[in-house]
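Here's a quick tour of a protein model and the ligand it holds. Have a look at the structure first, then read on.

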Amino acid sequence: MARAEICPNYKNVCVLIPTLNEEESIGPVIREFLELGFENILVADGHSSDGTVAKARAAGAQIFIQSGSGKGQALKEVFEEIQEDYILLIDGDGTYLPSEASSVLGPVLQGKADHVVGNRLGNVQGGALKRLNMFGNRMINLFFSTIYRVRLTDILSGYRAFTRDGIVQLDLSTPGFEIESEITIESVKKGLRIIEVPITYRPRSAGTKTKLHPFRDGLKIILTIFRMAKTANPMFFFGLIGSFFGALGFLIGMYVALDWLYWRIDHIPLTILIAILIIVGFQLFLIGIQGDMMASMHRELISELHRKKK
Ligand SMILES: Nc1nc2c(ncn2[C@@H]2O[C@H](COP(=O)(O)OP(=O)(O)O)[C@@H](O)[C@H]2O)c(=O)[nH]1
Ligand SMILES: [Mg+2]
C-alpha cells in the first residue's frame, strides 16, 4: 500500500463548513476533523445569533463571515478565498460523519474526479430524512437526471469534495438552498468529472432545527433545475413550455370544434386565440431544436478547449 494511503496528507485540503446557529454540533465536528489530521478548517458563518462562531474559533477553526444571508451566498463568497488545492464541504449540523472524509476526498486526491458527491440515500439512518423529504429528494433527483441525462442519486447532498481548479470554473448565483443543485448542474455543464460515493446520513441532534423549508425551498430548487435547463437541454426547456401552449390550444380547439359540429356555433375570437396558442407552441419547439444545435456546438467547443489545456 502506498504511504499516502496509510497516512494521508491533508495539508492541501480546506474543510469548509457553512453554519447558521449550529452551536450544539459545530465544536464536535471541528474537533473530529482535527483528530483525523485536517489542519485547515474554515467555518463560513451566516451571522449566527448563538455561540456558533465563538465555539468554532475555540475549537480551532478559521472564521469567515458571509455578507447577506443564505448558504449559497456564503459558499459563493468563500470559494474565492480558499487557497488549498482541495475542498471538503460539509454541513455543520453533525448529520454527516467526519470519519467518512477519506472516502469523500479519495477520488479528488487520487486525481480521478473533480467533484465528489456523498450519496446519503443508500444509508439514511432512522428519522434523518422524513418521508416527505425522502419523496421530495427522489422527485428532484429524477427531474434532474431526466433533464441533464446524468446518473446521480443525491444531488442535494451537503457532503462533497472538489478540486479548487474545478470549483473556480463554476458560475454560481443562487443565494439559498438551491446552491447544491446549482453546483451539480454547473459541474455537469463545465464537464467536470463527478463521482458519487456512499455515505451515512444521521438525524439532526434533538432540539436543533433545519433552516430548510421543504415546500418553499423545494420549489426554488425545482425552478433552479428547470431554469438552468435553458442552456443545458433547450429542447426540454422550450419543448415543455411549447407543449403547454399547444395543449391549451388543443383543448380549447376541441371545445370549439365540437360546438361547431353539433350546434353550428362559431367562436371567432376563440378560434383566433387557438391559432395563436398553437403557432406560439410550435415556434417554441423550433427554438428548442435550434437551442439544441447551439448547445451541442458549445459542448464540442468546451471539450476541444479541455483537450487543448491538457
Ligand atoms: N453560512 C450559512 N450557512 C447556512 C445558512 N443556512 C443554513 N446554513 C448551514 O448550512 C447547512 C445545511 O443547512 P440545514 O439547515 O441543515 O439544511 P438541511 O441539511 O438541508 O436540512 C448547516 O450547516 C447550516 O447551519 C446561511 O444562511 N448561511
Ligand atoms: Mg442539515
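In this predicted model, H115 stands opposite F162 in β6. Strands here are DSSP runs of E with at least two residues, helices are runs of H or I with at least four, and both are numbered from the N terminus.

**Strand β6 and its partners**
- β5 (residues 115-119) pairs with β6 in the antiparallel sense over 3 bridges; pairing takes at least two DSSP bridges between the strands.
- On β4 (residues 86-89), antiparallel to β6 and joined to it by 4 bridges, Y86 stands opposite T163 of β6.
- In a regular strand, side chains alternate between the two faces of the sheet.
- In β6 (residues 160-163), R160 and F162 point one way, while A161 and T163 point the other way.
- Buried or exposed? All of these β6 residues are buried, meaning under 20% relative accessible area with a 1.4 Å probe, protein chains only.

**Around ligand 1**
- The ligand is surrounded by 20 residues, and the closest are E22, Q66, D93, T210 and K211; a residue counts if one of its heavy atoms lies within 4 Å.
- An oxygen atom of ligand 1 is 2.8 Å from a polar backbone atom of G92, and a nitrogen atom is 3.2 Å from one of G46.
- The protein covers 91% of the 570 Å² of accessible area that ligand 1 has on its own (Shrake-Rupley method, 1.4 Å probe).

**How to read this**
- Residues are numbered from 1 along each chain as its sequence is written, and chains are lettered from A and ligands numbered from 1 in the order written.
- Local features need pLDDT of at least 70, side-chain atom pairs count only at pLDDT 80 or more, and totals for chains, interfaces and linings use all residues, while side-chain values use heavy atoms, leaving out hydrogens and water.

Technical notes: Polar contact = N/O pair within 3.5 Å; in protein donor to acceptor, adjacent residues only side chain to side chain. Buried < 20%, exposed > 50% of the residue type's maximum accessible area, 1.4 Å probe, protein only.
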